[in-house]
Amino acid sequence: MSQSKGNKKNRGHHCNKKINIGDKGKEIVENINENSLIVQQFQAYSAELVERHDRFERILKVGRDITIESKRIICLLHTIDKKSKQESILHEAELRLKNVAQNLFSIIALELEDQDAYQYFRAYRSGLEEYLEAVTFYQYLQCASMENWLELDKNLTYTITDKSKDRTIRALITPYEFILAVADLTGELMRKCINNLATGDIASCYQTCNFVRNIYTGFLGCTNASNKEMNRKLCTLKQSLHKMENVCYTIKVRGSEIPKHILVDVATEEYAESDEGYQAY
């Protein structure tokens with residue numbers, strides 16, 4: 001037993017012992033042959049890794065700008081409270097979405113040219129999801145529907161004209177990110193439903209609820225039980241749908257007996273304390 005303890009002590013002593021290799025290391029570095037093929041190969045690897053890191057950081061910064069602007073556009077769309085304001089707000093949102101696509105995503109597309117886009121996808125993934133959420137939210141408010149991901153992919157595809165020939169570049173959009181963005185969209189539609197109730201637009205509450213119900217039905221058909229992120233989104237989607245159905249139920253059953261100005265309070269009283277996002281803007 002004591003021998004075992006002694007061995008542990010000796011091992012710990014050797015592990016903690018510091019080896020001074022400073023002078024020896026300097027000598028080796030000074031004697032490196034710069035013309036060696038191995039040294040040149042490792043220098044090329046180093047330059048390539050530095051270039052990739054710098055490109056990743058540049059894309060990351062643009063992705064942050066996309067996230068911020070997309071969130072601002074979503075907030076702008078939530079300010080629609082009257083039909084008279086809807087047209088001007090939608091027009092402003094459309095111009096800002098085009099600006100994001102033409103001036104921000106085009107930078108990412110240039111960075112990804114002749115590169116493996118999946119290596120840099122994580123750098124702008126959150127910005128892409130936020131942008132897709134803003135675009136689909138705008139499309140719903142514009143025409144009560146939304147385009148598929150292939151149409152949105154065309155918006156992030158660019159043609160550059162050179163002297164010799166045209167070349168096409170694009171910012172990568174995956175179907176998976178589009179699905180996640182649609183799941184996030186339902187949260188904005190739930191808030192829009194509450195806002196519509198607060199302004200007395202009861203017909204829009206039913207329309208939005210049915211739209212989200214169709215989305216939920218679609219998710220049930222493509223959900224993978226092993227995908228944690230998808231399941232988390234689906235759980236949130238289900239909660240949003242439940243809140244919207246509760247609003248429609250309150251309108252249908254108690255709408256005639258409750259004054260319109262307090263109808264929204266009755267419909268949301270179950271969630272008012274637990275979910276601040278459920279409050280009308």
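This note goes through the fold, core, aromatic pairs, salt bridges and surface of a predicted model.

1. Basis. The model is predicted, so local features need pLDDT of at least 70 and side-chain atom pairs count only at pLDDT 80 or more, while totals for chains, interfaces and linings use all residues. Residues are numbered from 1 along each chain as its sequence is written, and side-chain values use heavy atoms, with hydrogens and water left out.

2. Fold. The protein has 10 helices and two strands; helices (H or I, at least four residues) and strands (E, at least two) are DSSP runs, numbered from the N terminus. Their order from the N terminus is α-α-α-α-α-α-β-β-α-α-α-α. Of the contacts between residues at least 6 apart in sequence, 71% join residues at least 24 apart; contact means heavy atoms within 4.5 Å.

3. Core. Of the 281 residues, 38% are buried; buried means under 20% relative accessible area, exposed over 50% and partly exposed in between, with a 1.4 Å probe and protein chains only. The largest nonpolar core has 67 residues, and F105, I108, Y124, Y131 and L156 have the most contacts inside it. The elements giving two or more residues to this core are α3, α4 (83–112), α5, α7 (175–198), α8 and α9 (228–254). Helix α5 supplies the largest share, 14 residues. Such a core is a set of buried Ala, Val, Leu, Ile, Met, Phe, Trp, Tyr and Cys residues joined through side-chain atoms within 4.5 Å. Leaving aside neighbours within four places in sequence, Y131 touches I66, S70, L97, V100, A101, F105 and L156.

4. Aromatic pairs. There are four aromatic pairs, counted when rings of Phe, Tyr and Trp (its six-membered ring) have centres within 6.5 Å; planes under 30 degrees apart are stacked, over 60 edge-to-face and the rest tilted. F121 and Y124 are edge-to-face, at 5.3 Å centre to centre and 80° between the planes. These two residues are three apart in helix α5 (residues 117–143), about one helical turn, and both are buried. In the pair of Y140 and F211, the centres are 4.7 Å apart and the planes at 40°, so the pair is tilted. Y140 is in helix α5 and F211 in helix α8 (residues 202–220), 71 residues apart; both are buried.

5. Salt bridges. The count is 17, each being a side-chain nitrogen of Lys or Arg within 4 Å of a carboxyl oxygen of Asp or Glu. R167 pairs with E113, with the closest N and O atoms 2.4 Å apart. Because R167 lies in strand β2 (residues 166–170) and E113 in the loop between α4 and α5, the bridge ties together parts 54 residues apart in sequence. R167 is partly exposed at 27%, as is E113 at 23%. D153 and R170 also form a salt bridge (2.6 Å, N to O), linking helix α6 (residues 149–155) to strand β2. Here D153 is buried at 13%, whereas R170 is partly exposed at 35%.

6. Surface. The protein exposes about 17,500 Å², of which carbon and sulfur atoms supply 52%; areas come from the Shrake-Rupley method with a 1.4 Å probe, and for residues only the protein chains shown count as cover. I38, F42 and Y45 make a nonpolar patch of about 360 Å². Patches are made of residues with over 30% relative accessible area and no salt bridge, joined within 9 Å for like charges and within 5 Å for nonpolar side chains (Val, Leu, Ile, Met, Phe, Trp, Tyr). I38 is in helix α3 (residues 37–77) and is exposed, with a relative accessible area of 58%.
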